[in-house]
Amino acid sequence: MENETRKHDILILGGGPSGLSTALHLTRIDPHLANRILILEKEHYPRLKLCAGGLVIDAEVILERLGLDVREVPHVDADSIRFDFEGKGLNVRVPKRHAIRIIRRSEFDHWLAKKAESRGIEIRQGVTIKKVIPDENGVTVETDQGEFRAEIVVGADGSNGDTRRSIFPNEPVYTARVLEVITPDYTTSNNKIASIKKQERPRNDVAFFDFFAVPNNIAGYTWDFPTQINGQPMRCWGVYDTNLLADQKRPALKQPLAEEMKRQGFDLNDYEIKGHPIRWYSPWNKASVPRVLLVGDAVGADPIFGEGISMALGYGAIAAQEIAESYQHGEFSFSRYKRRLVRSGLGQTLLARWLITQIIYTFKWKWFQILLWRMLKPIVLFVAWVFVLNWSKRMPATT
Ligand SMILES: Cc1cc2nc3c(=O)[nH]c(=O)nc-3n(C[C@H](O)[C@H](O)[C@H](O)COP(=O)(O)OP(=O)(O)OC[C@H]3O[C@@H](n4cnc5c(N)ncnc54)[C@H](O)[C@@H]3O)c2cc1C
């Protein structure tokens, strides 16, 4: 059995949000495709995925369109989001709804995988992809469980994925450095913050971003989100650095995180730090070769925040359209995929976010950051509402 090559029509490599979304959108376009899809996932659900789990409105819109109700997943809603520079800045609320919903990825991805299975999609867990080799007639996928052969392959294996590495071995990679820490929430860690005056304490239901480290060449921000683990209120903290200022002198990445946590009464040394890169989108990132296309972080997440769950879901919608049309025409060059992506709501927001990233992080001076986050509120809100959020409404319908 080990040496036998197993043949499939559509192999999706990776069972995170981008792979599962591609499969779910494909079955939405053509329910007969369900039994032609096989997802290979190296872990077993519920599996750990380092992520703050912040879902923006676009993620919810795409899930709703798939007939899925994310409220079934344990979550915490933040009423508002603060975008600060040194603790002062913009407070953002969305009328009549939460500003951001926070899930745990182990629970969210497990839920999404079960939804895919309930729609007839097969997921094989515990299979690690080693190499992807396309040829004229199909694609060979080498794994730790032997060889698979498919008509087409979707590379959905994330920022460190082997699919992209196999098909674009020499392509430059733009990755952000990210660290994450989980702590008790402000209420339960009272003893630690007793020294901070009550009115100065951020409320538990606010998600914070602070860009104070940009002038020190950390081209990103620290975050502090509400979250929950097994129903217990917790906080998820982290630091994100696009690496755009990597050629200049920078402190160790954990330093700004330690500073921010200390300001709020937490000691970073008391908690376990975990790190993972995020590959971010640049207009030059490649997305396909004949018979293989990439989705999610394998192409690139949002460079401003490293926000990638909504994007991953969006990539799935575009890839499914490309695949369905390829089957109609019996032609698998995927030569239209990048154009389709760039013209979509997702492609437009990714390009806008890439441009914004080049401005807000390379104009790193303190005065500029203060101007941006504290004084240009109407402009920042307008840009965020029009160019950063609400792109899912400009995505193609699949029904
Ligand atoms: C610390 C951190 C915090 C983040 N916070 C947020 C946030 O708050 N909000 C947000 O929107 N985004 C956030 N992101 C980004 C988000 O996690 C990603 O953009 C998103 O997970 C991308 O989805 P994906 O399906 O493309 O890849 P992934 O979610 O990485 O899924 C890839 C899947 O492929 C599997 N896989 C990988 N390699 C192989 C292999 N060789 N063989 C088989 N299977 C394989 C993995 O096990 C995984 O299940 C964060 C990322 C990090 C690192």
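Into which domains is the protein divided? There are domain 1 (6-76 + 102-173 + 281-361) and domain 2 (175-278), with bounds that come from an automatic or database domain assignment. This is a predicted model, in which local features need pLDDT of at least 70, side-chain atom pairs count only at pLDDT 80 or more, and totals for chains, interfaces and linings use all residues. Residues are numbered from 1 along each chain as its sequence is written.

The C-alpha centres of domain 1 and domain 2 lie 29 Å apart. Their contact (C-beta atoms, placed from the backbone, within 7 Å) takes 19 residues from domain 1 and 23 residues from domain 2.

Finally, the largest nonpolar core has 114 residues. Such a core is a set of buried Ala, Val, Leu, Ile, Met, Phe, Trp, Tyr and Cys residues joined through C-beta atoms within 7 Å; buried means that 20 or more other C-beta atoms, placed from the backbone, lie within 10 Å of the residue's own. Leu-11, Val-153 and Val-295 have the most contacts inside this core. Domain 1 and domain 2 both give residues to the core, so it too lies between them. Not counting residues up to four places away in sequence, Val-153 touches several residues, including Leu-11, Leu-13, Val-132 and Arg-291.

Conventions
Buried ≥ 20, exposed ≤ 12 C-beta atoms within 10 Å, placed from the backbone. Contact = placed C-beta atoms within 7 Å.
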